[in-house]
Amino acid sequence: MSATQKALVLPEKFGQFTIQEAPIPSPGPGELVIKVQAAALNPVDWKIRKYDIEVGGYPAVVGYDLAGDVETVGDGVVGFHKGDRVFTQAVVRQGFHGSFQQYFIAEAPATAKVPPGFSYDEVSTIPVALSTAYTGLYAGLPNGLGIAFPEDSPSKYSDTPILILGGASSVGQVVIQLAKYSGFNPIITTASLQHENVLKEFGATHVLDRRLTIADLQKEVSKIAGKPVEFVYDSISLEATQQAAFEVVAPGGRVALVLPPVVEVPEGKHVAGVHAGLKKPHNHPLLYDLYHDKAYNLVASGVVKPNRFEVLPNGLAGIPDGLARLEADQVSRLKLVAHPQETP
């Protein structure tokens, strides 16, 4: 094996992505080196370059979602061997820590094996959406809605409505699936009505047009739920959806936001600020438990389904054009995936 790899590097603040040669990393204790076969793109990847967020310094390799093969196993790691097919998410920061490179250092406890019958491309679409949905539902306030995981409290929510704003987004789709797994009923979501059938396959009982006015949304949700709605997950979290969320949620209810609040939070209503970072102290035990003990079964059993995907040409070299499409809002209910090993 060569001693070097190719990586897509953001060399400076507001800079342009460039492909560079870099050493193939070696694992420390508790770590794995993964040969990255598929890296999925997320909107935050273009926002890092445009707004100088997340990384804290440069040069940096960005990218969060990945799947591939275990290449090297660090000291003290049990349960993984060279050649295992795995998926995980990155902790992006200054340096070569993102998924947009050919080899990646992962923490073994935050890595899941790929179930039989699933491709690298399929599972690469899962991690960030799963982590965001999972923490937003199951972490306690102020980081999540504080819902009990089904294994711990089966059928607790069988007569409890939930509203999910932005059900066709990558996060929204997984929230719907986990809400179904948690037993919520009814599961009400907003989306473009062209996505109604697939969102109902995921578990939504009702799909409402995302263009409804807040007043009409309140009226429809009230009619469907038949009782106060205590849980709202806003997977979009722009000003309009935040306003809708706080109007719909009952007094004493909880709203999960994936972006900071930009509207005034009404007195007596609770906001959960969702962040899927593995290194966030409140996420550490929750997400390690997810990837170490639950993710494999959630995917293998069909509780969580991969997103649709499109493979970009030219490996890492195709990523900048893909990020431009995401920034221009030209991608809908689809993940763009790159194959780093196919980089010219």
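Two strands are taken to pair if DSSP finds at least two bridges between them. Helices (H or I, at least four residues) and strands (E, at least two) are DSSP runs, numbered from the N terminus. The model is predicted: local features need pLDDT of at least 70, side-chain atom pairs count only at pLDDT 80 or more, and totals for chains, interfaces and linings use all residues. Residues are numbered from 1 along each chain as its sequence is written, and side-chain values use heavy atoms, with hydrogens and water left out.

**The sheet**

An open sheet is formed by six strands in the order S10-S9-S8-S11-S12-S13, with parallel pairing. Strand S10 (206-209) and strand S13 (270-273) each have a single partner strand and stand at the edges, so one side of each is left without a neighbour in the sheet. From one strand to the next, the twist averages 20 degrees; angles run from 0 to 180 degrees between N-to-C directions, and axes are lines fitted to C-alpha atoms, for helices over the stretch in contact. Strand S9 (residues 187-191) runs parallel to S10 and is joined to S10 by four bridges. Within this pair, Ala191 stands opposite Asp209 in S10.

| Helix | Strands touched | Angle between directions |
|---|---|---|
| H3 (residues 127-138) | S8 (162-165), S11 (231-234), S12 (254-257) | about 155 degrees with S11 |
| H7 (residues 239-248) | S8, S11, S12, S13 | about 165 degrees with S12 |

**Helix pairs**

The axes of helix H6 (residues 214-225) and H7 come within 10 Å and cross at roughly 40 degrees. H6 is therefore oblique to H7, since angles under 35 degrees count as roughly parallel, over 145 as roughly antiparallel, 65 to 115 as roughly perpendicular and the rest as oblique. The crossing of H6 past H7 is right-handed, a term for the near helix being turned clockwise from the far one by less than a right angle. In this contact, Ile214, Leu217, Gln218 and Val221 of H6 meet Ala240, Gln243, Ala244, Glu247 and Val248 of H7.

Helix H1 (residues 43-51) and helix H9 (residues 319-327) have axes that come within 9 Å and cross at roughly 95 degrees. H1 is therefore roughly perpendicular to H9. Pro43, Asp45, Trp46 and Lys50 in H1 meet Leu323, Leu326 and Glu327 in H9.

Notes:
Contact means heavy atoms within 4.5 Å.
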